[in-house]
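Biologist: I am new to this structure. Please show it, and then let me ask how you know what you say about it.

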Amino acid sequence: MSGRIGAAAAAVLLEGWTPSTDRDAICKSYEFTDFSAAFGFMARIALRAEQMDHHPEWFNVYNRVEVTLATHDADGVTNKDVELALFMDEVAS
């Protein structure tokens, strides 16, 4: 298990990510050109998440994907969340 770093510290390291208002987690909303692009993003992230054994909470409507990251067994944000967030940003760009 990765050491807990907290949402505030993680948000400082990550562009566009914000601390959750109700728990130690980080959040970001991505907007794509259409549903296919959003779904493709989610598919790529799903493959990496499986490799990491670290799965995002997300919500998708058409071209928008809202993501929340936290490490459940640490009860908060860890380096695993930062690593996955950086990968998401790389894929989305």
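Modeller: This is a predicted model. In the hairpin of β3 and β4, two residues lie between the strands, and Tyr 62 takes a positive phi near 50°.

Biologist: What makes β3 and β4 a pair?

Modeller: They are joined in the antiparallel sense over five bridges. Pairing needs at least two bridges, so β3 and β4 count as paired. As for partners, Glu 57 is bridged to Thr 68 in β4.

Biologist: How do you know that the span of helix α2 agrees with its number of residues?

Modeller: Helix α2 covers residues 35-52, which is 18 residues. At 1.5 Å a residue it should span 26 Å, and its end C-alpha atoms are 25 Å apart, so the two agree.

Biologist: Which residues of α2 are buried?

Modeller: Ala 38, Phe 41, Met 42, Ile 45, Ala 49 and Met 52 are the buried ones. They cover an arc of only 95° around the axis, and therefore they sit on the same side of α2. An α-helix has 3.6 residues a turn, so residues three or four places apart point the same way. On the other side of α2, the exposed residues are Ser 36, Leu 47, Glu 50 and Gln 51.

Biologist: What do the buried residues of α2 pack against?

Modeller: Their packing partners are β2 (26-31), β3 (57-61), β4 (64-69) and α3 (79-92). Phe 41, for one, touches Tyr 30, Phe 32, Val 65, Met 88, Val 91 and Ala 92, with residues up to four places away in sequence not counted. Phe 41 is also among the residues that touch the most other members of the largest nonpolar core, along with Trp 17, Ile 26, Leu 69 and Met 88. That core has 22 residues, and α3 gives the most to it, with six.

Biologist: Why is Asp 34 called a cap of α2?

Modeller: One of its side-chain oxygens lies 3.3 Å from the backbone nitrogen of Ser 36, at the N-terminal end of α2. A polar contact must be within 3.5 Å, so this pair falls inside the cut-off. Just after α2, Asp 53 takes a positive phi of about 55°.

Biologist: Why is Asp 89 called buried?

Modeller: Its relative accessibility is 17%, and buried means under 20%, so Asp 89 counts as buried. Asp 89 is placed in helix α3.

Biologist: What is Asp 89 in contact with, leaving aside its neighbours within four places in sequence?

Modeller: Its contacts are Glu 15, Trp 17, Lys 28 and Tyr 30. With Lys 28, the side chain of Asp 89 makes a polar contact of 2.9 Å.

Technical notes. Residues numbered from 1 in each chain as written. Predicted model: local features only at pLDDT ≥ 70, side-chain atom pairs only at ≥ 80, totals over all residues. Heavy atoms only, no water. Helix = DSSP H or I, 4+ residues; strand = E, 2+ residues; numbered from the N terminus. Expected span 1.5 Å × (residues − 1). Buried < 20%, exposed > 50% of the residue type's maximum accessible area, 1.4 Å probe, protein only. Arc of directions from axis to C-beta. Contact = heavy atoms within 4.5 Å. Polar contact = N/O pair within 3.5 Å; in protein donor to acceptor, adjacent residues only side chain to side chain. Core = buried A, V, L, I, M, F, W, Y, C linked by side-chain atoms within 4.5 Å.
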